[in-house]
Amino acid sequence: MYLYDSYDQAMVDARVEEFRDQAQRRLEGRITEEQFRPLRLMNGLYLQLHAYMLRVAIPYGTLNSRQMHMLADIADKYDRGYGHFTTRQNIQYNWIKLEETADLLADLASVEMHAIQTSGNCIRNISSDHFAGAAADELVDPRPYAELLRQWSSFHPEFSFLPRKFKIAVIASDTDRAAMRLHDIGIQIVKNDAGELGAAFYVGGGMGRTPMIAPMIREFVPLDQLVTYSEACLRVYNRYGRRDNKYKARIKILVHELGKNEYTRQVEEEFKHLLDQGVEPPLAELERLKPFFADPDFVDGPKTADRSDPDFALWVERNTHRHKHDSYVSAVISLKPVAGIPGDASSEQMHLMADLAKAYSFDEMRVMHTQNVVLPHVRIADLHALWTKLEAAGLGSPNLDTIEDIIACPGLDYCSLANARSIPLAQRISTRFAEKGKTEQLGELKLKISGCINACGHHHAGHIGILGVDKKGTENYQLLLGGSEAEDTALGKITGRGFDEDGVIDAIETVTDIYLDKREDGERFLDTYRRIGMDPFKEALYD
Amino acid sequence: MTEQQDWGTSPDQVQFRFRDDEIADVPAVTVDSCCDQTNATAVRIEPGDDARELLPFLDRLQLVEVNFPAYTDGRGYSAARVLREAGYTGELRAVGDVLVDQIGFMRRCGFDAFAPDKPINEDDAKTAFARWPEVYQSAADTRKPIWDLRHE
C-alpha cells in the first residue's frame, strides 16, 4: 500500500497545526461558531445531535495493522471504545470533544492518516474496489490512479469551495463493487483496442433526494491526461453548478439540466484549454506510485480448504471472494452480527482485525462501502485458523451480501438531519430473518436503510431499500424494490404508502415470501423482481 | 450592497498586496460595461459573470476585482485562474467576504491583492500565507508541485 514520503507527511502535519490554530481561535471566542463551521467541516468534524462527530479518511479503504491499531487506540482515548465504518470506506467517531480534536489529528498523522476533506463542499475521500489488487477479474489495480487523484485533490486551491460535496470512485473491472456510477465522477480503468490503458469517465451520478445514474461522457482518457480531464470536469462544475439551492447543487443536476452532450462539450473545450496549462503530473509519478501496490510475495499452497465443518463451510461459501492467485482468497470480516449495529467495531475488535491482517494478509485490510472489513490476501491453507479466531471474537458472521448484511445510516440515533431511526430497524430485521432461519434461503439480497431523504444508507440502490420519513411527527418507512449499485446500476421504486416500524419489517418478510414463491432456478431476489415486476409484490403488500 | 462597492474598492481598502507597481486608483466597472467601453482599465467580476468575456480586453486592464459576496461561493477561484491562464498580468484583487482561511488558496489561484470586508489579523494572515510547506497541484502561482520536486 502507499506510504508517505516526507512531502506527504509535511502536508498532513501542516494541516494538524492549521486545525490547532482554528480550534484555538474558536475556543478563545475569537471566531464564531458560524465562522468556525466551514473550517471544522473541512477537517471532518461535524456537530451531531449529542456531540461532535469526527470522520477519518481511509483513502480507497486501504489500511495496515499499524493504522488499524491506532484507530482502536483513538476509540479508547477520545471516544467510547468503538468506531463506525462508513459507506465511504471511512471511519467515524461519535463522541469527540473539540478541545481534544487537534491531539487526535496529531495521533492520526503519526500513522499517515488524516481527516482532510472528509466533509465540506470539496473533493472527498476517493473510494475504490475493496478487492483491488486481489480480485481475479480486475484489469489492473485501480489504487495507483486513486492515489494520484487523492494527491491532486488534496487542498486543491480552485476546488475547495464547490457548490456541493464531490465524490470520486475509481475501479478497474467490469464488475462494479464500488457503486461507481452513483458517484459525482466514476472512473473505470479500461484498455483500448490498441492495448493501452486509459480511463472511462462517468459524470453526474449520485443518490440523495434526486438519484441519478452517471452517464459516460468519455470512453477513453489517456493515462497521461487523467488529472487534466478531472480538472476540466471540476472547473465546469465549479463555474456553472447551481448555487441557489443546496438541493440542486450537486453535479448530477448540472449534467441533467445542461444535458449530457452540452456538459460534455463544455468539459472537452475546457480540457483542450487545460492541456496547455501544465497541470498534469508526469507519467513518472504514476510509475512511482505503482510499486506501492505491487503484489506481495504470494506462494503456492493448497487450493481448497477442508469444509467438513458445516459452519466453516458456510462462512467460506459466503464470505470469501476469488483471488487472482489460486492459493489465496479475499476474506470478508462481517461487521453485521445479528442484532448488531451495522459497521460498528469495538476497539478490541479493531485490534484483533489488525493482528489478523498482520498474521494472515500481508499486513493489509480494506474497508468496504458495505461497512465490512476485508483481509484481501489470505492463504486458503490459513482460512480455518482465521475463521476460528474470528468466530471466537464474534466476527465470524457468515452473512456477506445476505439480508443480514444491511447498510444503514446512523439515523435519528445520532444524526441531526434524520427523520427516523435506522439502526434499531436494522437490528430487528437481522434478528427476525436469522431467527426464522431464512437468511441463507434468500441468498444474495442487498438491503439498505436511510433515515432520511439524503440517502446516506443508499436505499435507492438496495435490492430492497427502506427510507425513513417523518409523517406528522411519527417515524414512517417507505419500501423500495429493485435497486442495484453494481454494474447493472438501477434505482429502486417505491412500493406505495409507507409503514410503521413493525409494519415495514412485516412488509419485508412479505416481499421476500413472494420471491421465494415465484423464483426460478438460480434467480436472486433482484432477478425475480426484474422478471415479474412490481405488481405481485404490491398486491401482496396492499390488497 | 453599498454605493461604494458598486464602484469597486479604493486603494486604501487593500490590506495585502504582492505587487511592486503603483496601485491603480480607478473605479472598477461591471463586466458588461467593460465589454462596451473601450477605455475602462478596471473591472469587477461578480460570481455569475463569465471571466472569459474579458479575454479580448486584457491588455488594457490594470485591475480586475473578483467579488466574493460569501466565502462559500467559490466561482471566483476559477475566474482568477482563467484570467491568469489567459496571460493577464495586472492586479487581481479579491474583495468581499475574504477570510484568513481562504487567502492561501486565493494566492495560489493568482490573486495578488486582497481587500477583505473585515480586516484580517496581520499575524494570522502571515501564518496563513506561509501555511503549506509544499503544494500538490500546479495552479496559477509559480510554486512547483510536489510531483515536480519528486521527479526533478
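How many residues does helix 11 of chain A have, and how far does this helix reach from its first C-alpha to its last? The legends below begin with that element. This is a predicted model, in which local features need pLDDT of at least 70 and side-chain atom pairs count only at pLDDT 80 or more, while totals for chains, interfaces and linings use all residues. Residues are numbered from 1 along each chain as its sequence is written, and chains are lettered from A and ligands numbered from 1 in the order in which they are written.

**View 1. Helix 11 of chain A and the residue A:Phe362 that follows the helix.** Helix 11, residues 347–360, has 14 residues and reaches 20 Å from its first C-alpha to its last, close to the 20 Å expected at 1.5 Å a residue (the expected span is 1.5 Å times one less than the number of residues). Helices here are DSSP runs of H or I with at least four residues, and strands are runs of E with at least two, both numbered from the N terminus. Among the buried residues of helix 11 of chain A are A:His351, A:Leu352, A:Met353 and A:Leu356; a residue is buried if 20 or more other C-beta atoms, placed from the backbone, lie within 10 Å of its own, exposed if 12 or fewer, and partly exposed in between. A:Phe362, which follows the helix, has a positive phi, near 50°.

**View 2. The open antiparallel sheet of chain A with the order 3-14-15-12-11.** This sheet has 5 strands, and its edge strands, strand 3 (62–63) and strand 11 (320–322), each pair on one side only; two strands pair if DSSP finds at least two bridges between them. Strand 3 of chain A is joined to strand 14 (residues 365–367) by 2 bridges in the antiparallel sense, and the bridge partner of A:Thr62 in strand 14 is A:Arg366.

**View 3. The open sheet of chain A with the order 6-7-8-9-10 and mixed pairing.** The edges of this sheet of 5 strands are strand 6 (127–128) and strand 10 (216–222) of chain A, each pairing on one side only. Strand 9 (residues 197–203) and strand 10 of chain A pair antiparallel over 4 bridges, with A:Pro222 of strand 10 as the bridge partner of A:Gly198.

**View 4. Strand 6 of chain B between its neighbours, strand 1 and strand 5.** Strand 6 of chain B (residues 113–116) is covered on both faces, with B:Ala113 and B:Ala115 buried on one side and B:Phe114 and B:Pro116 buried on the other. Strand 1 (residues 16–17) of chain B runs antiparallel to strand 6 and is joined to it by 2 bridges, whereas strand 5 (residues 91–96) of chain B runs parallel to strand 6 with 4 bridges. B:Phe114 is the bridge partner of B:Phe16 and also stands opposite B:Ala94.

**View 5. The side of chain B that touches chain A.** In this interface 25 residues of chain B are in contact with 29 residues of chain A, contact meaning that the C-beta atoms of two residues, placed from the backbone, lie within 7 Å. Helix 3 (75–85), helix 4 and helix 6 (146–150) of chain B each supply at least two residues of this side, and the largest share, 5 residues, comes from helix 3 of chain B.
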